[in-house]
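Here is a short report on one protein model.

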Amino acid sequence: PQQGKLSRDVLKAVLLDADRIRLTPVQVYAVLAEAEEDEDGMVEYGAFLLHAVPLISTMVAPVLAAQRQAAAKRALLTPVEVLGGVDKEALDAKLQAIFNEYDASRSGKLGKADFAKCLRNADLGLTNPQVNALFSSADTDKDGNVSIEEFLAIAYEVLLTLGREKALQEEMSKSGAAEQLVASVGGAAQLLAALPSSKQAQAGA
C-alpha cells in the first residue's frame, strides 16, 4: 500500500475494529462519507482523521451523550421529511429510471464514473466522498460495478442515514457541544489514541 494511504475498505475495517470507540455500522458509513479519495481510490489517512475525529467525537464521547440525545429528539424527522417529501417507493422508482438512463449497454450495472454521474443527476445533494462511499457500500461483490439490485438494496437506508446524521450534526452545532469537545486537547488526544496509526492500519490490511 502507498505510504500513509488506505483504501476505503481498509478504513472501514479500521473503524469497525476500533474496540475503544465502538461505532455502529451506520456511524461508520457516516464517517466514511467524509473520506476524500485520490485518483487511485486511496484515502490519505492523516487528512481523513482531521475530518473524522470531530465527527466521531460527537458520536461517542460520554460528555456529549446527553447533548446528542437531546439533539436527536430535536432533529427527529420522518423518513419522508429527511428525503425531501419522497417515500421509499417513489425514491426507488426515481433511482431506477436514472440508473437505466446511464446504463447504455443495458447490462444492469454501472461502473464508478457512470455511477457518480447517475447520482449527480439524481439531485440528492450528495458530496463526492458520499458518492464514493455509496459506491463502495453498494458494490458488495467488489467487481468494480454496481448493479441496480445492489444499489436499490442499500440506497434508501443510506440516504436516510446521511440525512438524519446531517440533521443531528446541525443540532449539535447549534448547541456548541461539538466545538467544546473538539477544543479540548485531551478529548481529541484520547480519540486519536484509540485509532491505529497509518502504519498499524496498513499492517493489519
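## Two loop residues with positive phi

Lysine 142 sits in the loop between α8 and β4 (145-147). Helices (H or I, at least four residues) and strands (E, at least two) are DSSP runs, numbered from the N terminus. Lysine 142 is not a glycine, yet its phi is positive, at about 55°. Lysine 142 is partly exposed, with a relative accessible area of 45%. Buried means under 20% relative accessible area, exposed over 50%, and partly exposed in between (1.4 Å probe, protein chains only).

Arginine 106 lies in the loop between α6 and β3 (109-111). Its phi is near 55°, a positive value in a residue other than glycine. Arginine 106 is exposed, with a relative accessible area of 61%.

## Basis and overall make-up

The model is predicted: local features need pLDDT of at least 70, side-chain atom pairs count only at pLDDT 80 or more, and totals for chains, interfaces and linings use all residues. Residues are numbered from 1 along each chain as its sequence is written, and side-chain values use heavy atoms, with hydrogens and water left out.

The protein has 12 helices and 4 strands. Of its 205 residues, 45% count as buried. Take the contacts (heavy atoms within 4.5 Å) between residues at least 6 apart in sequence: 71% of them join residues at least 24 apart.

## Nonpolar cores

In soluble globular proteins, nonpolar side chains tend to be buried together. A nonpolar core is a set of buried Ala, Val, Leu, Ile, Met, Phe, Trp, Tyr and Cys residues joined through side-chain atoms within 4.5 Å. The largest one here has 29 residues. Leu95, Phe115, Leu119, Leu126, Leu134 and Phe151 touch the most other members. At least two residues come from each of α6 (88-102), α7 (112-121), α8 (128-138) and α9 (148-175). The most come from α9, with 10 residues. A second, separate core of 22 residues includes Leu11, Leu15, Ala18 and Ala35.

Leaving out residues up to four places away in sequence, phenylalanine 115 touches Leu110, Val131, Leu134, Phe135, Val146 and Phe151.

## Alanine 122

Is alanine 122 buried or exposed? It is buried, with a relative accessible area of 1%. Alanine 122 is in the loop between α7 and α8. It touches Lys94, Leu95 and Ile98, not counting residues up to four places away in sequence. Phenylalanine 99 is 23 residues from alanine 122 in sequence, and 9.1 Å from it in space, C-alpha to C-alpha.

## A bent helix

Helix α3 (residues 45-60) bends by about 35° at alanine 52. The bend is the angle between axes fitted to the seven residues ending there and the seven starting there. Proline 54 follows within four residues. Buried residues of α3 include Tyr45, Phe48, Leu49, Ala52 and Val53. At the start of α3, a side-chain oxygen of glutamate 44 comes within 3.3 Å of the backbone nitrogen of glycine 46.

## The second largest pocket

A pocket is an open set of points on a 1 Å grid over the protein atoms alone, where a 1.4 Å probe fits, with protein on both sides within 12 Å along at least five of seven lines. Lining residues have an atom within 4 Å of a point. The second largest pocket holds about 350 Å³ of space. A volume is the space filled by probe spheres set on the points.

This pocket is lined by 17 residues, and the closest to its centre are Lys12, Pro25, Tyr29, Ser137 and Val158. Two or more lining residues come from each of α1 (8-17), α2 (25-32), α8 and α9. The most come from α2, with 5 residues.

Key: A polar contact is a pair of N or O atoms within 3.5 Å; within protein, one must be able to donate a hydrogen and the other to accept it, and residues adjacent in sequence count only if both atoms are side-chain atoms.
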